Amino acid sequence: MGLETPSIPRAIFKVMNNTILGVSHLKTYFFTRRGVVKAVDGIDFELKRGECLCLVGESGCGKTVTALSILGLIDSPPGRIIDGEVRYNNLDLVKCSPTQLRRIRGKEIAIIFQDAQSALNPVFTIGDQIVEQIRLHLGMKYTEARDKAMTLLKEMGIPSVERAMSYYPHQLSGGMKQRAMIAMSLSCDPQVLIADEPTTAVDVTIKAQILDIFHELKAKRQMSLIFITHDLGVVAEIGDRAVVIYGGKVVEMAPVSKIIGNPKHPYTAGLIDCLPDISKTTDRLASIPGTTPNPIELPQGCPFHPRCHKAMEICSQQQPPEVRISEGHEVSCHLYQ
Amino acid sequence: MKQMLNHELLQIRNLKKYYPVTTGLLSQHIGDIKAVDGISFNIKERDILGLVGESGCGKSTLGRTILRLEEPTSGEILYKGMDITKLDKKGLRELRREIQIIFQDPDASLDPRMTVGDSIGEALIIHSITDEKERMKRVAELMEQVGLEAGQASHYPHEFSGGQKQRIGIARALAINPKLIIADEPVSALDVSIQAQILNLMMDIQQEFGLAYLFIAHDLSVIKHMAHRVAVMYLGKIAELADRREFFQNPLHPYTEALLSAVPSLKPKGKERILLLGDVPSPLNPPSGCRFHPRCHRVLPICHQEEPQLVEISQGHFVACHLYN
């Protein structure tokens, strides 16, 4: 991979000019005293223009590290992207210099973090934080930037915007902080928005409000979204396509209707079955035995095989290949070879 | 006495828990946070009452007040007809043999410097099952009951995953054969695949030991799976209380409607989603009249002024809303 010239990503980009961001063979490891944590261990996916791609998985599966790797936000040491590339506009973000990345981050590719409380700076007002970003990236004058910030906050449904601009983060409720975060991430009209569990830390009525904002972003701005979540209900609600991640690897990738309606990988099927669904009544939930694997000692072969009820002998020996089930539906499982 | 009460295990009457808010050098009292503001309900033997609400609605405070982990401001808590609020220290210790609690965060509720065997056994010592051999036997038994290996008793909490830690929390609660378990968001910190395991385990032990649960959660899908009856709390008050079937098929309170429509489901719903405006107001200064009226989509003029009472609309279906008065 490392020997490829820049002309190759460009060629790929031309063939699939519908793709805005491409991640291939991405491997991000953390080198700790206790061993090598293979947080992301060979992940591939493409984000198409205007689509909402959901990265789904449980804690520790590598979905957040994938997002941080795209933006070059991996702390090094202990972390390092050891292989793979992230293609964006003829660039391989993995190879970009910190200066180049700084120009892209926030302006071209923005991120919304799960915990708005700790992502916002507590000693600056909401207004100042948004204005700073706009002035930095777009070189606007203060008053111009301030107008833009207020328009955005209004768009996010924040009441009495004038006052909200002068609030410090602690003066806003959880839902309002999340809105301010979204307004901030949109302030430079990014091409790609990565949302890392934006609905996890908020209440169900606020969750509905936040999802509504994302629906509007999709409809009005044709935003290309990477939506990271563990909640399949949210995926069904907002996603166009979904990538299911387990043990740092993609186990299944398909349009959302197929992931929910016709899951092929035993892990995906298990995740859906073990979800208590409000629209049906069951006596007993299906469950996946065992726990998510320790990323320091990932199982040999398929990472899911120790918990899989359909595991065969080959699963513990060989990594499953990617199998195409139908157009756009790929699964990594020995069952489908 | 017990027969007379028709196996009512727990009866709560007009329970209130206020936290005083003070300011300045002289700690001037400027108001109260009314975390629990006049709540009444019953739990029968083997009953599972699901308690749902958004953060800050007072559901955890309610759970803790029942065990007197928080001192109630006023009201009665009757356990088997006996008023808990008047118990002394010794009486409380006796009570806690019968009522136990499982906390949300299994990490914070286990002592990191105690082996899990000791943690589970601690309850047995306090409740005077002191014979070492007998205790170890019981600990091993409990660990197997909750799906752990008895051999892991000598391990420390950090050696376990989140789901396993919650199993330890359950074993600890079960140790002295309680009748009622208050489960305060027991699965909200867990991954979905683990959540299902713990919910199944809680169902199994409920049937095996004939337990009653007060099951506190914010996730209505979980509540629907677990509870026999459901109560919705909003800003320290009960908005609606009904049997599970009735609650999910015929929700009456606008807040319940909105909550139900906000739950993301795998199957797209036919109904339009009801989007509530704004956030839960501060319990320090709740809105006048019905506390829900500033966010309500079916608000009436009377809602601004008068607080609705919780009334029984049909058998076992209570709602506090002016629409039904």
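Helices and strands here are DSSP runs, numbered from the N terminus. The model is predicted.

**Stop 1: a loop in chain B**

Select B:Ser27. This residue sits in the loop between strand 1 (8–23) and strand 2 (28–44) of chain B. Check its backbone: phi is positive, about 50°, although B:Ser27 is not a glycine. Most residues other than glycine have a negative phi. Is B:Ser27 buried or exposed? With 10 other C-beta atoms within 10 Å, B:Ser27 is exposed.

**Stop 2: a loop in chain A**

Move to A:Asn90. Look in the loop between strand 4 and strand 5 (91–92) of chain A. A:Asn90 is not a glycine, yet has a positive phi of about 65°. Count 12 other C-beta atoms within 10 Å of A:Asn90. The cut-off for exposed is 12 or fewer, so A:Asn90 is exposed.

**Stop 3: two cis bonds**

Now select A:Ser76, A:Pro77 and A:Pro78. The bond from A:Ser76 to A:Pro77 is cis, with omega near -15°. The bond from A:Pro77 to A:Pro78 is cis, with omega near 5°. Most peptide bonds are trans. Where does A:Pro77 lie? A:Pro77 is in the loop between helix 2 (63–70) and strand 4 (79–88) of chain A. A:Pro78 belongs to the loop between helix 2 and strand 4 of chain A.

**Stop 4: a helix pair**

Show residues 126–138 and 142–155 of chain A, which are helix 5 and helix 6. Their axes come within 9 Å and cross at roughly 120°. That angle makes helix 5 of chain A oblique to helix 6 of chain A. The crossing of these two helices is right-handed. On helix 5 of chain A, pick the contact residues A:Gly127, A:Ile130, A:Val131, A:Ile134 and A:Arg135. On helix 6 of chain A, pick A:Tyr142, A:Ala145, A:Arg146, A:Lys148 and A:Ala149. By class, this contact has six nonpolar, one polar and three charged residues.

**Stop 5: the core**

The largest nonpolar core has 192 residues. Those with the most contacts inside this core are A:Ile226, A:Val243, A:Ile245, B:Phe215 and B:Val232. Zoom in on A:Ile226. Beyond its neighbours within four places in sequence, A:Ile226 contacts A:Leu47, A:Leu53, A:Leu55, A:Ala67, A:Val192 and A:Ile194.

**Stop 6: where the chains meet**

Finish with both chains. The contact takes 37 residues from chain A and 31 residues from chain B. On the chain A side, helix 9 (204–221), helix 10 (232–238) and helix 12 (266–273) each supply at least two residues. Which helix gives the largest share of that side? Helix 9 of chain A does, with seven residues. By class, the chain A side has 16 nonpolar, 13 polar and eight charged residues.

Conventions. Residues are numbered from 1 along each chain as its sequence is written. Chains are lettered from A and ligands numbered from 1 in the order in which they are written. This is a predicted model: local features need pLDDT of at least 70, side-chain atom pairs count only at pLDDT 80 or more; totals for chains, interfaces and linings use all residues. Two residues are in contact if their C-beta atoms, placed from the backbone, lie within 7 Å. Helices (H or I, at least four residues) and strands (E, at least two) are DSSP runs, numbered from the N terminus. Ala, Val, Leu, Ile, Met, Phe, Trp, Tyr, Cys and Pro count as nonpolar, Asp, Glu, Lys and Arg as charged, and the others, Gly among them, as polar. Axes are lines fitted to C-alpha atoms, for helices over the stretch in contact, and angles run from 0 to 180 degrees between N-to-C directions. Angles under 35 degrees count as roughly parallel, over 145 as roughly antiparallel, 65 to 115 as roughly perpendicular and the rest as oblique. A crossing is left-handed if the near helix is turned anticlockwise from the far one by less than a right angle, and right-handed if clockwise. A nonpolar core is a set of buried Ala, Val, Leu, Ile, Met, Phe, Trp, Tyr and Cys residues joined through C-beta atoms within 7 Å. A residue is buried if 20 or more other C-beta atoms lie within 10 Å of its own, exposed if 12 or fewer, and partly exposed in between; C-beta atoms are placed from the backbone.
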